[in-house]
Amino acid sequence: MLRTQALSKTFGAHRALDSLDLDIAPGEIFCMLGANGAGKTTTIKLLLGFLKPTSGQALVDGIDVQADPAAARRRLLYLPEQVALYGELSGLENLRYFAGLAGVPDCTPQRLRGWLEAAGVPPAAVDRRAGGYSKGMRQKVAIALAIARSARGLLLDEPTSGLDPAASAEFHRLLLGQRDAGAAVLMATHDLFRAREVASTIGIMRDGRLLRSFKAQELSARELEQLYLDEMSAVAGV
Ligand SMILES: Nc1ncnc2c1ncn2[C@@H]1O[C@H](COP(=O)(O)OP(=O)(O)OP(=O)(O)O)[C@@H](O)[C@H]1O
């Protein structure tokens with residue numbers, strides 16, 4: 001569903017992404033780990049068609065993103081680190097607006113409330129101004145949009161950074177719900193422990209290259225941490 005083939009991106013002389021091959025199937029969560037600057041966000045932007053590859057291909061549901069970015073994006077939901085909502089509008093009004101933009105039919109108040117409820121937005125918050133929402137609550141509205149759109153691919157860029165542990169746990173529970181509904185998920189994260197819990201596959205990136213990928217259940221949390229630290233200390237040459 002989310003696929004890259006020898007995908008590469010250079011900025012000037014700097015190679016931000018180097019020949020990345022990924023294949024994320026429906027019902028799979030791929031967690032991408034790596035230090036700052038490893039190429040995680042670049043991968044997500046290439047899959048969204050926000051950047052043009054220097055070489056190689058990004059494919060969404062078989063669609064070449066570069067050839068038809070709009071069609072690719074219709075199948076995707078992008079969750080950046082900070083979800084932007086209109087602060088003057090309520091959660092429900094935001095969802096109606098974004099779902100309408102995405103062409104979701106039948107955005108009746110009842111259905112909108114149902115999607116928000118499925119995403120864990122408390123009924124009391126649905127009609128409140130989104131300007132007062134926490135980061136976790138804004139993300140829930142984005143998940144409600146994923147549900148409304150039946151997005152087949154989710155691209156998540158450090159979604160839980162800055163969330164408290166309870167909000168992070170709830171977010172990951174929602175993510176598993178999306179996985180079970182058949183979404184293919186690519187999540188860039190620095191949270192090794194949650195990655196191990198929710199991922200089907202974990203990949204470690206460094207300097208634009210996918211160094212390793214493995215099934216999340218193959219390693220204990222401790223082993224994953226050690227492996228990650230070993231890879232990162234190889235960078236620093238220690
Ligand atoms: N528009 C750009 N112009 C020039 N260089 C860029 C641009 N975007 C990214 N880079 C560089 O490409 C490399 C990869 O950046 P990227 O944002 O993909 O890393 P990342 O793994 O997402 O890091 P982080 O964990 O900090 O989000 C970095 O060296 C970055 O400075």
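Reply: The residues around the ligand are Phe11, His14, Ala16, Gly34, Asn36, Gly37, Ala38, Gly39, Lys40, Thr41, Thr42 and Ala188. A residue gets on that list if its C-beta atom, placed from the backbone, lies within 6 Å of the molecule. Keep in mind that this is a predicted model, where local features need pLDDT of at least 70 and side-chain atom pairs count only at pLDDT 80 or more, while totals for chains, interfaces and linings use all residues. Residue numbers start from 1 along each chain as its sequence is written.

What kinds of residues make up this shell? Four are nonpolar, seven polar and one charged. Here Ala, Val, Leu, Ile, Met, Phe, Trp, Tyr, Cys and Pro count as nonpolar, Asp, Glu, Lys and Arg as charged, and the others, Gly among them, as polar.

Two elements give two or more residues to the shell: strand S2 (14–24) and helix H1 (40–48). H1 gives the most, with three residues. Helices (H or I, at least four residues) and strands (E, at least two) are DSSP runs, numbered from the N terminus.

Let's follow S2 first. S2 belongs to an open sheet of four strands, in the order S2-S1-S4-S5, with antiparallel pairing. Two strands pair if DSSP finds at least two bridges between them. The edge strands are S2 and strand S5 (63–64), and each pairs on one side only. The partner of S2 is strand S1 (residues 2–11), joined to S2 over seven bridges in the antiparallel sense. In that pairing, Leu7 stands opposite Leu20 in S2. The hairpin of S1 and S2 has two residues between the strands, and Gly12 there takes a positive phi near 60°. Over at S5, two bridges join that strand to strand S4 (residues 55–60), with Val60 opposite Ile63.

Now for H1, which takes us to another sheet. H1 lies across S3, S6, S7, S8 and strand S9 (201–206), running at about 145° to S7. Contact means that the C-beta atoms of two residues, placed from the backbone, lie within 7 Å. For the angles, axes are lines fitted to C-alpha atoms (for helices, over the stretch in contact), and values run from 0 to 180 degrees between N-to-C directions.

The strands under discussion belong to an open sheet of six strands, ordered S6-S7-S8-S3-S9-S10, with mixed pairing. Strand S6 (76–79) and strand S10 (209–215) are at the edges with a single partner strand each, so one side of each has no neighbour in the sheet. Ignoring direction, neighbouring strands here are turned by 15° against each other on average.

Gly34 and Ala188 are both around the ligand, and they fall within strand S3 (residues 29–34) and strand S8 (residues 184–188), which pair in the parallel sense over four bridges. Ala188 in S8 has Met32 standing opposite. Helix H7 packs on this sheet too, touching S3, S7 and S8, and its direction makes about 145° with that of S8.
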